[in-house]
Amino acid sequence: MSVASDSQLTTSQSLWSQWREDIASVFERDPAARTTFEVLTTYPGVHALILHRISHRLWLRGWRYGARWLSFFARLVSNVDIHPGATIGARFFIDHGAGVVIGETAVVGDDVTLYHGVTLGGTSWNKGKRHPTLGDGVMVGAGAKILGNITVGNGSRVGANSVVVEDVPDRCTVVGIPGKIVKLREAGLLNPYGIDLDHHLIPDPVGKAISCLLSRIDLLESRLDSRDASERYSQCETDNQICEQDCPGGQVVKVRQSLGSVR
């Protein structure tokens, strides 16, 4: 993961350069984007990020109240809540933007994409690192929650509405509540910029388990149907009145016993 330190963020790249990269990344990941003017005026995720780049610099210089007030204003206009202490890498994109929350000690790598309703939250009262770290190229589906001081590795994907509370290795897919690592289904073709946005192509472990159970039931029923009734109910006690009346095997055995007594 190539997330720069706080001091490097303020010296290695100018604010204008960061903004240009952020805006350019929108065209790489959103086919609805048409012009730079449209992105600047109608994308709440971009508005939140532009203001965060400023508030984060204020935060690093110790102007904490000004940074918090600016992030509060950004939330009012964009419905995206990014704490000014959060470290955000290059070319970060929040699609749609609504309801995204990023905590104070969260660290986000380069080329990360979040969809609406994502939370990078904390699970501790400790003042130290309590929010997640996302590696480079991570994509998080709508409504997903990533909680605690955990790491999501480079190139990993988190399925929509998943809740992740444990570390995720590089290039894995996580789905479910709590999130479980599943084998990545082969994705579609990369877009012209080399970015895989087919986040709907994820495995369905629950559906697969149900399918296996149904196949097993069909197999067992076919085996039962292929057996003779007397064999299926050979252990039926014919002196039991219920068995005599209701079990086909009981009726067969009873008839055979009757024939034997006649002989």
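**Reading the loops, helices and strands**

Trainee: Between which strands does the loop with Pro-178 lie?

Mentor: Pro-178 sits in the loop between strand 14 (173-175) and strand 15 (180-182). Helices (H or I, at least four residues) and strands (E, at least two) are DSSP runs, numbered from the N terminus. This is a predicted model: local features need pLDDT of at least 70, side-chain atom pairs count only at pLDDT 80 or more, and totals for chains, interfaces and linings use all residues. Residues are numbered from 1 along each chain as its sequence is written, and side-chain values use heavy atoms, with hydrogens and water left out.

Trainee: What is the peptide bond from Ile-177 to Pro-178, cis or trans?

Mentor: Most residues other than glycine have a negative phi, and most peptide bonds are trans. The bond from Ile-177 to Pro-178 is cis, with omega near -10 degrees.

Trainee: Which loops hold Arg-91 and Arg-171?

Mentor: Arg-91 lies between strand 2 and strand 3 (93-94). Its phi is positive, about 55 degrees, although Arg-91 is not a glycine. Arg-171 lies between strand 13 (163-164) and strand 14. Phi of Arg-171 is also positive, near 55 degrees.

Trainee: Why does Arg-91 count as partly exposed, and why is Arg-171 exposed?

Mentor: Buried means under 20% relative accessible area, exposed over 50%, and partly exposed in between (1.4 Å probe, protein chains only). Arg-91 is at 23%, so it counts as partly exposed. Arg-171 is at 60%, so it is exposed.

Trainee: How many residues does helix 4 have, and how far does it reach?

Mentor: The expected span of a helix is 1.5 Å times one less than its number of residues. Helix 4 (residues 44-60) has 17 residues and reaches 24 Å from its first C-alpha to its last, close to the 24 Å expected at 1.5 Å a residue. Of those 17 residues, 12 are buried, so helix 4 is largely enclosed by the rest of the structure. The buried residues include Gly-45, Val-46, His-52, Arg-57 and Trp-59. After helix 4 comes Gly-62, with a positive phi near 90 degrees.

Trainee: What does the side chain of Gln-18 contact?

Mentor: A polar contact is a pair of N or O atoms within 3.5 Å; within protein, one must be able to donate a hydrogen and the other to accept it, and residues adjacent in sequence count only if both atoms are side-chain atoms. The side chain of Gln-18 makes a polar contact with the side chain of Arg-57, at 2.9 Å. Gln-18 belongs to helix 2 (residues 15-29). Gln-18 counts as buried because its relative accessibility is 4%.

Trainee: What is the strand order in the open sheet of 4 strands?

Mentor: Strands of a sheet pair through backbone hydrogen bonds, either parallel or antiparallel. Here the order is 2-5-8-11, with parallel pairing. Strand 2 (87-88) and strand 11 (151-152) are the edges, each pairing on one side only. Two strands pair if DSSP finds at least two bridges between them. Strand 8 (residues 133-134) is joined to strand 11 by 2 bridges. Thr-133 stands opposite Thr-151 in strand 11.

Trainee: Is Val-140 buried or exposed?

Mentor: Val-140 is at 0% relative accessibility, so it counts as buried. Val-140 lies in strand 9 (residues 139-140). Contact means heavy atoms within 4.5 Å. Leaving aside neighbours within four places in sequence, Val-140 touches residues including Leu-114, Leu-134 and Val-158.
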